Amino acid sequence: MRFVQGAWGNPEVYYRAAVYIASAYPFWNASSGADHIWTVARDAAACATPWGSLLDELQNSTILSAWGGVTGLSGRPEERCFAPDRDIAVPGALTHAAVSKSPFLLAPRDLEAQMRSRTTQLFFIGALCWKLDVKVKTMQQLEKKCKESYGAPGFLSRYSFGLRYEIFKLHGSASGFRLYATDYPPSLPRHRVAVNEEILRARFCLCPSGTGWGMRVFHVLALGCVPVLVQHDGVHPPVAQAF
């Protein structure tokens, strides 16, 4: 078995690893890679991207990834992605700082008290649309940014299927909701957001996809918040998840 962890974009590391394994060992060629396992750490896992396809290298192997989707962000099947009959969806790695705060480490009575103490109904923090570093100051500017981003051509145009913006627009000021848009600073508190503490105060945590399937859902689960998964924009085919 061979374990390779790669970056979000360019799949060059996989190309090089496949060539090396095939030339240095007899096992790959004997099975065409069927008895090998790859870890794919990219948000969109093994799905094809503008930087290239991993179909030839990974088509016969087993993949461990956090995405678990058989389609890309378009909601349509793409090359390789995830094969439910042999690939495995695994949680992403969390920092010790987050895991050490898990209420599930408490005694049963203390765990129950912690869960009862939560006052936030729904929590979210993150960018609403691409590009993440482009910040706006008004809702009108935010609407323009998100509409232009969603409708533009390109791999990242349909960031989060447009759902982060729509949910924020409809429920950003709802009672009991703490929805922080990092690309819309007026929604942020003046002090730095202590994310772990915010999650520990929340009953539900919004976990929509972004450029793929990230860390958020595993993070909130570890801290006792129920993840709210949103993967469908109501217009395009839904993203097919393997779990």
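Buried means under 20% relative accessible area, exposed means over 50%, and partly exposed lies in between (1.4 Å probe, protein chains only). This is a predicted model, where local features need pLDDT of at least 70, side-chain atom pairs count only at pLDDT 80 or more, and totals for chains, interfaces and linings use all residues. Residues are numbered from 1 along each chain as its sequence is written, and side-chain values use heavy atoms, with hydrogens and water left out.

View 1. Helices (H or I, at least four residues) and strands (E, at least two) are DSSP runs, numbered from the N terminus. Of the 243 residues in the chain, 44% are buried.

**View 2. Helix H6 covers residues 139-151.** Its 13 residues should span 18 Å at 1.5 Å a residue, and its end C-alpha atoms are 18 Å apart, which agrees. The expected span is 1.5 Å times one less than the number of residues.

**View 3. Helix H6 has a buried side and an exposed face.** Leu142, Lys145, Cys146 and Ser149 are the buried residues of H6. They cover an arc of only 90° around the axis, so they sit on the same side of H6. That arc is taken from the directions from the helix axis to the C-beta atoms. The face turned away carries the exposed residues Gln140, Lys144, Lys147 and Gly151.

**View 4. The buried residues of H6 pack against helix H7 (163-171).** Contact means heavy atoms within 4.5 Å.

**View 5. Tyrosine 25 lies in a loop between helix H1 (12-24) and helix H2 (27-31).** Tyrosine 25 is partly exposed, with a relative accessible area of 32%.
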